Each structure stands twice: as structure tokens, then as C-alpha cells.
Amino acid sequence: MKYVITRTNKLYYQRAYPTKLRELAGKKNFTYSLGLSTEATDRDLKKAVLQADELFDIECRVIQNSNVSAYTSDDVDKLAKLILKKAGVEPDITETHQQYVYDPESSTPYFAAELILGEQELDRIGRKIDADQALTVEELARKRAFTLLVTKKGKRPVTLSKLWDEYLIHRGLDLNSRNGSKANRYWLNWLSIIGEQYATRDLNDSIAISLQDYADKRATEVNESSSVERELNDIIAALRFGSKKHRLLWAIERPYVRPTPKKPRKPLTVTEQKSLVTSLFLHKNMSLYEGRIATLILLYLQSGMMSSEVARLKEDDISLDSEVPYILIRNATKSEARKRLVPVVLGRKIIHKYLIETIEWLNRVTETTPSAAMKKTIRTLSGNSNATGHCLRHSFKMNAQASGADVLSIASIAGWNDSKRSVSSHLLNYGHEGIESSEVVMSLYEANKNINKHLISIENEIGLSSC
């Protein structure tokens with residue numbers, strides 16, 4: 001079998017490091033005992049080689065990048081076992097070391113571990129931890145190996161990082177997704193406060209203190225307490241899930257988050273709105289980037305639509321060529337009330353041209369990218385130096401109230417909660433023909449035209465109207 005060699009009737013895995021890594025590795029080959037004799041079955045050999053392949057890949061990664069954030073808890077566990085095996089200790093601790101490792105009443109386990117892993121190296125890692133300095137992945141793996149040696153076999157708890165890995169699987173969170181990436185960043189920030197360690201029942205107080213430290217620290221760094229509360233959601237959920245799964249009996253409570261006064265989000269004045277849309281409609285040769293931002297601004301302003309809602313649109317949710325053009329917001333939303341039908345009454349040509357590209361773009365970039373781009377454009381074109389994309393949602397509400405539109409129509413178009421909403425969930429699942437013939441939809445279309453009449457008139461004057 002490839003990479004398998006024999007030495008005195010024992011099987012080893014030997015594989016050359018990539019040429020560019022040999023100088024960094026300080027040797028040509030990676031050699032690892034498979035723990036098998038030449039009489040091993042093909043099944044056992046294949047399993048051992050697969051494990052060795054994983055260790056080789058991890059070691060190559062470590063040579064190139066020692067940043068802890070690039071590795072999972074399982075990666076660190078594998079590195080720890082590799083360190084032990086190189087030191088002559090089997091990953092599950094052999095009988096040879098059992099007399100030193102498993103005696104909890106003496107200091108012998110620690111003495112044996114220091115002999116195996118290097119007393120000076122362990123002291124150096126300890127000093128870094130005491131000084132709150134970040135550990136490299138090799139140092140974290142050596143620390144993990146030390147804990148494996150001094151913890152009784154069969155009683156080894158999972159690490160906090162392992163709890164998080166289990167929670168990610170339970171929630172179905174993808175670290176490459178926007179939500180998964182944010183949740184992972186918040187977890188790592190909290191983990192940097194409490195420090196990586198094994199999840200044991202006596203950790204409850206440390207968790208409570210570290211959660212409060214996290215809340216206090218973040219309260220000084222963000223503008224709104226609600227943001228801190230949201231950051232804590234997955235951290236607390238993961239801890240509660242881990243406690244229940246492993247019977248840790250933790251009593252996880254939310255920390256106190258110092259309330260901060262909400263910053264008022266003022267709507268754009270009518271004059272500022274007119275300046276904004278006039279500039280958009282007069283721009284004859286928009287670049288693709290400008291078209292995306294214009295599309296978002298027009299959707300925000302005429303309906304209170306959010307960029308996250310735009311990002312989730314599917315082709316079947318969009319009907320801009322019909323007599324009553326509309327967009328269906330019916331996929332994942334912040335709340336059920338946000339599911340709605342939005343009549344498109346302003347800038348249909350621009351939206352029609354750039355919407356699909358805008359959706360694809362939103363799914364490629366981070367959450368802050370469109371927000372920052374919109375803010376810059378709105379401030380430049382409206383003349384309001386404090387305006388943001390969210391201000392356009394408030395502007396829609398102001399326009400709706402000023403137009404005399406009834407509360408139910410406003411709630412139905414913008415997705416605000418109201419028990420008497422005029423657009424039912426059934427309507428959202430009708431075919432396009434059924435929707436277009438609906439009196440409710442026609443009523444909402446007329447209501448939205450009235451709400452945005454001061455902006456539609458500008459579009460008509462400039463000659464871009466497609467109505």
C-alpha cells in the first residue's frame with residue numbers, strides 16, 4: 001500500500017513533505033507508526049493509513065499556518081495524539097504509562113507528563129497563558145496532550161471547542177455562511193476570555209464570570225445593547241446544548257447587558273428623498289456596481305425592504321413584467337410578519353435590469369458591504385450626512401402616514417406586525433396569475449403608488465417610467 005513501509009515486522013507510514021515545506025519541517029519525510037504488525041488485516045491497515053493521511057495533512061497545514069482559528073477542536077486533538085505518539089505514548093495511553101498517569105492522589109501524573117512532553121516547553125506555554133498571550137496551534141496541542149496524560153482514561157471530558165463543534169452540527173450552521181461565520185467569531189471571542197479547557201461540572205462559575213466579562217467588554221465596543229444580546233445567543237445556546245448532551249448540570253444564565261439608549265433613526269425629508277431619486281434617475285450610464293446600489297435604495301425607499309430579504313429572493317418570487325409588478329418576500333425572514341407581497345411602483349426599469357445581479361452580489365459579499373455602500377451613496381445624493389439605508393425604511397413609514405394610507409396597507413407592504421394584515425400567507429403561495437388578479441394586490445399597488453406619488457412624479461418627468 002502507498003506510503004506504508006516495514007521495519008522489524010512493524011508497519012509505518014512514511015511520506016515525503018512537499019518540496020516547499022521541507023526546509024520549514026527540518027526533514028524530508030513524515031514518519032508515523034501505524035501500530036500494526038505485518039500480519040494486520042487489509043481493513044485495519046486501510047483504516048490506519050486513512051488516519052495517518054489526516055495527520056500528515058494537518059502537520060503540513062501547521063507548518064504553513066499556526067493560527068489557532070484555522071483549526072477545529074478535532075484537529076487539535078489529532079495533533080495532541082500525534083505529539084504523544086512521537087513521544088512513544090500511544091494515543092489512548094499504554095499500560096506502560098498507566099501507573100504514572102492514573103493515580104489521582106499523587107503528583108506523579110504531572111511529573112510523568114512533564115518528562116514526556118518537556119518541562120521547559122510546558123512552563124513556557126504556562127507563562128504565555130498567565131500573560132493572556134495567544135497560543136499557536138502547536139502549543140495548544142501540547143497543552144491538550146498534557147491534559148490527556150493527567151486525566152484518567154474513560155473520564156476525559158470534551159473540550160469547550162468540541163462542544164461548539166457539536167452545536168454547529170446540531171444547528172446545521174455552515175462556517176462559510178454569513179450567519180455561521182459571525183456566530184463562530186463571537187464564540188472565539190468568548191473562548192479567548194475563558195480560555196480553552198475541558199468541559200466539566202465545576203466550570204459553571206467560570207462560565208458565568210466569562211459571559212459577564214464578554215458582555216461588559218462588548219458593551220464598550222458596540223453602539224447598541226441589542227447587538228450584544230444577539231452575539232450572546234449562540235454562545236449561550238451552545239453551552240446549554242452541551243450541558244444537556246453531556247449531563248454537565250450547568251445553570252447557564254444570560255449575563256447583565258448594560259442598556260444603551262437607542263439612537264434615533266430619522267427619516268429623510270421629502271426634499272432629501274427627491275434629491276436622492278432625481279440623482280438616480282438622471283444617471284443614464286450606471287455601472288453594474290452603481291446599478292446594484294440604486295436597486296437596493298429604490299426597494300428600501302418604496303417598501304421598507306431590507307438587503308437580507310433581497311438576498312434570499314428566488315427567480316419565482318419576482319414578477320416585474322406583469323401589469324401589477326411585484327416581489328414576494330416569502331423565504332426565511334426575521335419574523336412571520338415580514339413575509340409579504342411588495343408592489344413595485346418606483347424605478348421598475350432600474351430594478352428589472354439589476355435585481356438578479358444584485359441578489360447574486362449580496363450572496364457573495366459580507367453583510368456590511370451593501371450597508372456601507374448604500375450609506376455612502378445616500379449621503380452623497382441626498383445631502384444628509386447622517387443618513388443610512390435603514391433611514392429609508394423609516395422614510396417609507398413617514399411617507400405612508402403622510403399619504404393617509406390605512407395602517408393595514410402600510411403593515412402589509414413593509415412587513416410590520418399586525419393581526420389584521422390584508423395579505424394572507426395563502427396568497428404568497430398562489431401562482432402569478434392568481435396574484436395578479438387579486439383585488440387585494442391591486443389595492444396594495446394603488447396604495448403604494450399613492451404613498452410614493454411625490455417620487456413617482458419625478459420619475460415620470462425624467463421619462464424613465466415604465467408604467
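The second largest pocket of this predicted model holds about 940 Å³ of space, where a pocket is an open set of points on a 1 Å grid over the protein atoms alone, with protein on both sides within 12 Å along at least five of seven lines, and a volume is the space filled by probe spheres set on the points, which are joined across faces, edges and corners. Its lining comprises 33 residues, and Val 68, Leu 140, Leu 191, Ser 192 and Glu 196 are the closest to the centre; lining residues have an atom within 4 Å of a point. Two or more residues each come from α3 (73-86), α7 (137-150), α8 (160-171) and α9 (178-194), and α9 gives the most, with seven. By class, the lining has 16 nonpolar, 10 polar and seven charged residues, with Ala, Val, Leu, Ile, Met, Phe, Trp, Tyr, Cys and Pro counted as nonpolar, Asp, Glu, Lys and Arg as charged, and the others, Gly among them, as polar.

In this predicted model, local features need pLDDT of at least 70 and side-chain atom pairs count only at pLDDT 80 or more, whereas totals for chains, interfaces and linings use all residues. Residues are numbered from 1 along each chain as its sequence is written, and side-chain values use heavy atoms, with hydrogens and water left out.

Three cavities of 30 Å³ or more are found in a search of the whole structure, a cavity being a set of points where a 1.4 Å probe fits but cannot get out. The largest cavity contains about 40 Å³ of space and is lined by Lys 143, Arg 144, Thr 147, Thr 159, Glu 196, Gln 197 and Tyr 198, of which one is nonpolar, three are polar and three are charged.

Strands β1, β2 and β3 form, in that order, an open sheet with antiparallel pairing, strands (E, at least two residues) and helices (H or I, at least four) being DSSP runs numbered from the N terminus, and pairing requiring at least two DSSP bridges between two strands. The edge strands are β1 (4-7) and β3 (29-37), each of which pairs on one side only. Four bridges join β1 to β2 (residues 10-16) in the antiparallel sense, and Arg 7 has Lys 10 of β2 as its bridge partner. Helix α2 (residues 42-64) packs on the sheet and touches β1, β2 and β3, contact meaning heavy atoms within 4.5 Å.

Definitions and conventions: Axes are lines fitted to C-alpha atoms, for helices over the stretch in contact, and angles run from 0 to 180 degrees between N-to-C directions.
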